[in-house]
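Subject: Structure for your review

Dear colleague,

Please find below the sequence and structure that I am handing over to you.

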Amino acid sequence: MSGIDFDCRACAATHLGTDGTRDRPWPVLSFAVPDLVLRLAPHELRDAEITDDLCWIERPEGAEQYVRVSMHVPIRDDPERRMEYSPWVSLAEEDVLDILDHLGDEAYRTVYPGRLASALPGYETAGPVSVLVHSRGDLRPLIGPDPTNESPLGRDLLGGITREEAELRIRAFLLR
Ligand SMILES: [Zn+2]
């Protein structure tokens with residue numbers, strides 16, 4: 001099986017033949033802003049503050065907060081490989097403030113309940129998807145497996161997907 005070639009945004013190089021292993025990771029399926037931001041009118045965008053990791057939108061009905069996180073989907077029967085996403089999640093205001101309070105606190109660990117705010121290839125479901133977001137010190141927070149989550153995403157975070165399925169999703173994402 002041949003690997004996946006892609007132009008890397010992180011280091012501006014072209015990576016050839018990536019196979020999802022630690023040495024030759026596949027591209028991260030990454031989203032620049034929460035999906036909702038793409039639907040905001042210009043005057044609404046004026047009230048949004050957006051960085052690489054945080055999005056804060058003041059709306060008449062109250063503020064909405066989004067955080068960019070990491071998510072690893074295991075490859076079934078193949079612990080060498082994993083598929084990585086970097087989606088946005090919406091979190092409660094107090095939880096985002098908790099994250100900001102603990103920036104640089106390498107030892108701090110906690111879990112926040114959130115909802116996916118990016119439509120992920122492979123998980124374009126109708127309703128909102130609940131996720132558990134784990135803080136990881138200086139690393140970007142991580143969506144962890146949740147045995148009570150019976151959505152397709154919840155099942156895959158626990159049980160994994162096939163390598164073929166991962167490669168299909170990544171190739172489709174690169175063609176967008
Ligand atoms: Zn790179």
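How many bridges join strand β9 to strand β10, and in which direction do the two strands run relative to each other? Two bridges join β9, residues 88-91, to β10, residues 111-116, and the strands run antiparallel. Within this pair, S90 has R115 of β10 as its bridge partner. Please keep in mind throughout that the model is predicted.

The chain as a whole

The chain contains five helices and twelve strands. Its radius of gyration is 17 Å, close to the 16 Å that the globule rule gives for 176 residues, so the chain is as compact as a globular protein of that length. The C-alpha trace spans about 50 × 35 × 35 Å along its principal axes. Of the 176 residues, 23% are buried.

Ten strands form an open sheet with mixed pairing, and their order is β3-β8-β7-β12-β11-β10-β9-β6-β5-β4. The edges are held by β3 (29-30) and β4 (48-50); each has a single partner strand, so one side of each is left without a neighbour in the sheet.

Further inside that order, β5 (residues 54-59) is joined to β6 by six bridges, and the two run antiparallel. A hairpin of two residues connects β5 to β6, and E58 stands opposite A63 in β6. On to the next pair: β6 and β9 also run antiparallel, with four bridges between them. Here R68 has W88 in β9 as its bridge partner.

Helix α3, residues 93-101, lies across β6 (62-68), β9, β10 and β11 (130-136). The helix runs at about 50° to β6.

Is L157 buried or exposed? L157 belongs to helix α4, which covers residues 152-159. A residue counts as buried if 20 or more other C-beta atoms lie within 10 Å of its own. L157 has 22 other C-beta atoms within 10 Å, and is therefore buried.

Which residues does L157 touch, leaving aside those up to four places away in sequence? They are V73 and P145.

Yours sincerely,
A colleague

Key
Residues numbered from 1 in each chain as written. Predicted model: local features only at pLDDT ≥ 70, side-chain atom pairs only at ≥ 80, totals over all residues. Pairing = 2+ DSSP bridges. Contact = placed C-beta atoms within 7 Å. Axes fitted to C-alpha atoms, helices over the stretch in contact; angles between N-to-C directions. Buried ≥ 20, exposed ≤ 12 C-beta atoms within 10 Å, placed from the backbone. Rg over C-alpha atoms; globule rule 2.2 N^0.38 Å.
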